[in-house]
Structures are given as C-alpha cells and as structure tokens.
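Colleague: Please take a close look at one part of this model. I want the geometry first and the residues after that.

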Amino acid sequence: MTAISITKSLFCIAHRGGSQRFTENTLAAFEESLQLGVDAVELDVWNVGGELLVTHDRRLGKSLPGRGLLLEQSPEQLRQLPLPCGNHLATLAEVLELVGDKAVLNIVMPAACFFMLGHAKLTQILCRMSHKPIGKRVVYFVTNFLRFRP
C-alpha cells in the first residue's frame, strides 16, 4: 500500500457558518466558525427590497418563522423575525463587518438577485460596506433561481 502525502493544507469552508450550534446563516453561526479558525464562510444572500439579507430559504417557515415567500416581505418585517438561536436576520454589511479579513466570504446568491445588481455594482456595494477593497476575500456562487418552484 502506498502512503498518501498531503503537501498542501486543506481549505476549510464553514457551510452557512457554525450551524451545528447556532441557526444557519446567523452572526452567531459565523462567529462560531471564525473562532474555530475556518478559512472561509459560505453564506446565502438575497436582495429583498434593495437590502442584501443573509438567509438560505426563499420561503418562510423553516429557519424564518411565518408563511409566504421571502421576496414578498419587506426587509424591515424580515429583520424583526426571531430565529431559533435568538438572533435576527443579518444584513450582508453586518456579516462583512464581523468577518473582516478573518476569512474569505463565499457568497451564494440566486441568479435573479445577482444579475439584477450585476457583478460591478455588487463589488462596489461590498467595498462600500467593508470600507476597503475586497480583493480576493469574496467568491460569488450564483444559483439558478428558476429551478426553484413556489
């Protein structure tokens, strides 16, 4: 049997943050993953009424209480909803402030939201939110919004 030699360290990505102990995609989950020393944090972002909110589901009823579609709600209503871990829905700006230079952000966004903003505008927004150039600290992953059915 041949021994396997790993010459490069592994790159650890916290999927929706430390969601074993805290509600996924919350500041508490991201803080937990940063304390564990991850290389990157994956998060889901939706453009709701012009506000970039961090949540995974397009429907209320799983991690967010209530009923209906995410995009049918106002950002203010959504930010008031209590999550199971006691946090409230975070904005992308809050996550950028928390993560800073501690880890790479892997932003997952539905195609409809991404293309509505455009890559250049989204990059400008991220730079303005973080108060500095984002460089190689952000990776975008655009999902096919049309595959989801209401």
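Modeller: Helices are DSSP runs of H or I with at least four residues, numbered from the N terminus. The model is predicted, so local features need pLDDT of at least 70, side-chain atom pairs count only at pLDDT 80 or more, and totals for chains, interfaces and linings use all residues. Numbering starts from 1 along each chain as its sequence is written, and side-chain values use heavy atoms, without hydrogens or water.

Take helix 1 (residues 27-35) and helix 3 (residues 92-99). Their axes come within 10 Å; each axis is a line fitted to C-alpha atoms over the stretch in contact. The crossing angle is roughly 20°, on a scale from 0 to 180 degrees between N-to-C directions. Helix 1 and helix 3 are therefore roughly parallel (under 35 degrees). The crossing is right-handed: the near helix is turned clockwise from the far one by less than a right angle.

Now the contact (heavy atoms within 4.5 Å). Helix 1 brings L27, F30, E31 and L34. Helix 3 answers with E94, V95, L98 and V99. The contact residues split into 6 nonpolar, 2 charged and no polar. Leu, Val and Phe count as nonpolar, and Glu as charged.

Note on methods: Helix = DSSP H or I, 4+ residues; strand = E, 2+ residues; numbered from the N terminus. Parallel < 35°, antiparallel > 145°, perpendicular 65-115°, else oblique.
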